[in-house]
Amino acid sequence: MPSKTIPLALPLSTAPGRDGFVGGNRLVNCYAQKRIVNGKAGTLISPVAGLKSFVTLAGATSIRGMIEVDGVGYVVADALLYSVTSSGVATLLGAIPGAGPVSMARNRRTPSPDIIIVSDGLVYLTNGSTVSRLSDEDLPPPNGVVVINGYAVYTIADGRILASAIDNAGNIDPLSLAREDTNPDQNVGIAKRGQDVVVFGTKSVGFWHDVGGDPFPLEPISSIDSVGCLSRSSIVEADQTLFWVASDGTVRRLAGYAAQVVSSDDIAEAIASTTDKANIQALAWVDRGNTMIEFSCADWTYVLNLATGFWHEQ
């Protein structure tokens, strides 16, 4: 009997379903790409990139945050801050007490920029050599920081926003203050998209722009009052915009000044089933031309491929 080729329909996006048996196909440690094969549309399943050891941080077990400044990485691991060169040389700089994820930013100060670290409501500054805690009565305990045009902008959980002097992250004018009042909710986190400062609340998202005001340099320009943010650590920049886990349990992408849903029903199911939603974390990277965004917690890891819009598991 002559053999017959039977085409196999390969999945494009992982779909585990709520209970497994009601789900579809799953992509675990691999991702789908559409390809033209012999003149016909097909699907290529590629393995995810592996990991290779780069450097060992002595005395550290978990990473709380990282930032690259002028070719040097600064890593908060456990309660310690390290600098890491591109050749893999790690240097212990000092202590950053705390246990949760940190928020990090840098300004343009010369000859050495301020590297700002917000950890459990406290602010630490490093110039790449030493670490010091910022003690300023004019700055309440912040939960996030970004730098826009030299201003370090801090968010406070109660809705307040404060800005530092230009390229002086530790100089806070008590009058350099505003309130994100799109919705009477609490601030969850802050991020930057181009020249927009984006403040994420529990029920809203506010957009601010640097207008050179005095004493507070920013003014609100737009807002989203229908959706907020579940987890500060889920806010991630990729593809010149921002992604985050929204208050309705979806993953959203900023499209202009709108919050566009990019998650599937399966991703929403996974988020809904997570008890510790406030600790969902996000990470973005580029793999062979594919920008990947990972959302993870203790129970699962899902990755969105921006080149295709498809999801896979890792």
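**Notebook: contacts in a predicted model**

I began with Ser87, which is exposed, since its relative accessible area is 60% and the cut-off for that word is over 50%. I kept in mind from the start that this is a predicted model. I placed Ser87 in the loop between strand 5 (80-84) and strand 6 (90-95). I then looked up its side chain, which makes a polar contact with the side chain of Thr85 at 3.0 Å. I also noted that the C-alpha atoms of Ser87 and Phe54 are separated by 8.7 Å, although these two residues stand 33 residues apart along the chain.

**Entry on the core**

Which residues have the most contacts inside the largest nonpolar core? I found that this core has 18 residues, and that Phe243, Val251, Ile271, Phe295, Trp300 and Trp311 are the ones with the most contacts inside it. I listed the elements that supply at least two residues each, and these are strand 19 (236-238), strand 20 (241-245), helix 1 (265-273), strand 24 (290-296) and strand 25 (301-305). The largest share, three residues, comes from helix 1.

**Entry on salt bridges**

I reminded myself that side chains of opposite charge can pair when their charged atoms come close. The structure holds nine salt bridges, and I looked up some of them.

Asp167 forms a salt bridge with Arg108, with the closest N and O atoms 3.1 Å apart. I noted that this pair links distant parts of the chain, 59 residues apart, with Asp167 in the loop between strand 13 (160-165) and strand 14 (168-179) and Arg108 in the loop between strand 7 (103-106) and strand 8 (115-119). Is Asp167 buried or exposed? Asp167 is buried, because its relative accessible area is 17% and the limit for that word is under 20%, whereas Arg108 counts as partly exposed at 48%.

Arg160 and Asp158 also meet through their side chains in a salt bridge, at 2.8 Å from N to O. I recorded Arg160 as partly exposed at 24% relative accessibility, and I recorded Asp158 as partly exposed at 35%.

Arg253 forms a salt bridge with Asp239, and here the closest N and O atoms are 2.9 Å apart. Arg253 lies in strand 21 (residues 251-255) and Asp239 in the loop between strand 19 and strand 20, so the pair ties together parts that are 14 residues apart in sequence. Arg253 is partly exposed at 22% relative accessibility, and Asp239 is partly exposed at 47%.

**Entry on aromatic rings**

I counted five aromatic pairs. In one of them, Phe207 and Tyr257 are arranged edge-to-face, 4.8 Å centre to centre and with 85° between the planes. Phe207 is in strand 17 (residues 205-210) and Tyr257 in the loop between strand 21 and strand 22 (258-261), so I wrote down a link between distant parts of the chain, 50 residues apart. Phe207 is buried with a relative accessible area of 0%, while Tyr257 is partly exposed at 39%.

I returned to Phe295, which forms a tilted pair with Trp311, 6.1 Å centre to centre and with 40° between the planes. Phe295 in strand 24 and Trp311 in strand 26 (residues 310-313) are 16 residues apart, and both residues are buried.

Lastly I looked again at Tyr257, where the charged end of Arg193 sits over the ring, 5.2 Å from its centre.

Technical notes
Residues are numbered from 1 along each chain as its sequence is written. This is a predicted model: local features need pLDDT of at least 70, side-chain atom pairs count only at pLDDT 80 or more; totals for chains, interfaces and linings use all residues. Side-chain values use heavy atoms; hydrogens and water are left out. A nonpolar core is a set of buried Ala, Val, Leu, Ile, Met, Phe, Trp, Tyr and Cys residues joined through side-chain atoms within 4.5 Å. Buried means under 20% relative accessible area, exposed over 50%, partly exposed in between (1.4 Å probe, protein chains only). Helices (H or I, at least four residues) and strands (E, at least two) are DSSP runs, numbered from the N terminus. A polar contact is a pair of N or O atoms within 3.5 Å; within protein, one must be able to donate a hydrogen and the other to accept it, and residues adjacent in sequence count only if both atoms are side-chain atoms. A salt bridge is a side-chain nitrogen of Lys or Arg within 4 Å of a carboxyl oxygen of Asp or Glu. Rings of Phe, Tyr and Trp (its six-membered ring) pair if their centres lie within 6.5 Å; planes under 30 degrees apart count as stacked, over 60 as edge-to-face and the rest as tilted. A charge sits over a ring if NZ of Lys or CZ of Arg is within 6 Å of the ring centre and within 35 degrees of the ring normal.
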